[in-house]
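Open the model in your viewer and keep the selection tool at hand. Each stop below tells you what to select and what is there.

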Amino acid sequence: MMLLKLAWHSLGSRLGTVCLTVLMMSVSVFVLLSVENIRHQAKESFQQSVSDVDLIVGPRTGQINLLLYSIFHIGVPTHNLGWDSYKMLQQHRDVDWTIPLSLGDSHKGYRVVGTEQTLFDHFRYRSDRSLELASGQAFNDTYDAVVGAEVAASLGYQTGDEIVLAHGIADTSFSRHENHPFQISGILEPTGTPVDRSVFISLTGLEAMHADFPGANTSPDLIPQSITAVLVGLKSKIKTFTLQREINTYAAEPLQAILPGVALSSLWSMLGGVEQTLWVISLLVLLGALIGMVNVLLLSMRERQHELAVLRALGYRPGFLFALLQLEALLITLSAIIVALIGLWIGDIWLRDWLLSQFGLFLSESLLQPDMWRLLAGIVAAAVISALLPAVNAYRQGLNVQLR
């Protein structure tokens, strides 16, 4: 208790310098915790862009390519799978539900996805969250469209507005389906997934929109001839690998079935370089703060020679001086961590909705994950190790030197 009181009063006597040191360290810890938290949350959002989907089925292509255009709507599929193959999957004895996806059109830079009502019934993200409408309803009419939160926010859309879709990704005048405008029937709540940047229409509406294009489907019932990919949910998870093998060896058409979780992990590992770069930058910032703290403690040694001499004269052993410097470093570090955590908590309250709407980054309710606690323990350990130099210096200062 005496050691703690002495360390506290010693720091209080140098309040200005100590406050600047705490502020410098708290900024470094804040940056490190923020980067680590965003990295962790980004990885969670990425890997949970789609949940409860057992298989993604599409034409035979690369695993990453199929994942990119079916879940993230990135890239252009080289070819589609036939409607007969989709009906085979839909009617399979082990399949509980299917979500067909048809890509190839766009609206002002956002991808248009043709699908069915099952998307709103069965699509899940972040484990168990379903798609919810902020306003309006899912499409009931052929020319109804449901837009994601980012599409509505960036383009200023409301339910009831009419939009014109374009054939292909380029939104040029000669590719627009101006004869077939769609009406926004619903706007989705923000999800922090590619859904926010998508425009959803029915497969029937997609076929009707292309009815006047050369080579388009002109059948009266507008049944699609092909689709891009299918999200599949099974009645029993045990059947996943069996059905995957059956689809991959399907004789009528070359198909490929992939496991979303495995594909997402593979894709994230390809982005590991960016993750490691952020981590190294944060560590360098923290290293600079630790060096600053050590420098402050070393400089204070000259000012405190008389103080340390008095303590030695009162009978305190050199080990006490060593512990005193270590405790001061520990108090500075803990104060910086507390300030950084308060800043992180305030930033979470103020920026949570903005990060979700602007960057699609969802922050979970718990900011301090188990890895974060280990990181904080590592910061404290690094501070204690960094303070060894001034602590050993205090230990070695002899009484006769200090009283000259």
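Start by selecting helix H3 (residues 63-71) and helix H9 (residues 260-270) in this predicted model. Their axes lie 10 Å apart, and the helices pack at an angle of about 100°. That angle makes H3 roughly perpendicular to H9.

Now show the side chains at this contact. On the H3 side, pick Gln 63, Ile 64, Leu 67 and Leu 68. In H9 they meet Val 262, Ala 263, Leu 264, Ser 266, Leu 267 and Met 270. What kinds of residues form the contact of H3 with H9? The count is 8 nonpolar, 2 polar and no charged.

Next, select Lys 237 and Asp 52. Their side chains form a salt bridge, at 3.4 Å from N to O. Lys 237 sits in the loop between strand E14 (229-234) and helix H8 (240-248). Asp 52 sits in the loop between helix H2 (15-47) and strand E1 (55-59). The pair therefore ties together parts that are 185 residues apart in sequence. A search of the whole structure finds 2 salt bridges.

Last stop: the surface. Select Ile 338, which lies in helix H12 (residues 318-359).

Conventions: Residues are numbered from 1 along each chain as its sequence is written. This is a predicted model: local features need pLDDT of at least 70, side-chain atom pairs count only at pLDDT 80 or more; totals for chains, interfaces and linings use all residues. Side-chain values use heavy atoms; hydrogens and water are left out. Helices (H or I, at least four residues) and strands (E, at least two) are DSSP runs, numbered from the N terminus. Axes are lines fitted to C-alpha atoms, for helices over the stretch in contact, and angles run from 0 to 180 degrees between N-to-C directions. Angles under 35 degrees count as roughly parallel, over 145 as roughly antiparallel, 65 to 115 as roughly perpendicular and the rest as oblique. Contact means heavy atoms within 4.5 Å. Ala, Val, Leu, Ile, Met, Phe, Trp, Tyr, Cys and Pro count as nonpolar, Asp, Glu, Lys and Arg as charged, and the others, Gly among them, as polar. A salt bridge is a side-chain nitrogen of Lys or Arg within 4 Å of a carboxyl oxygen of Asp or Glu.
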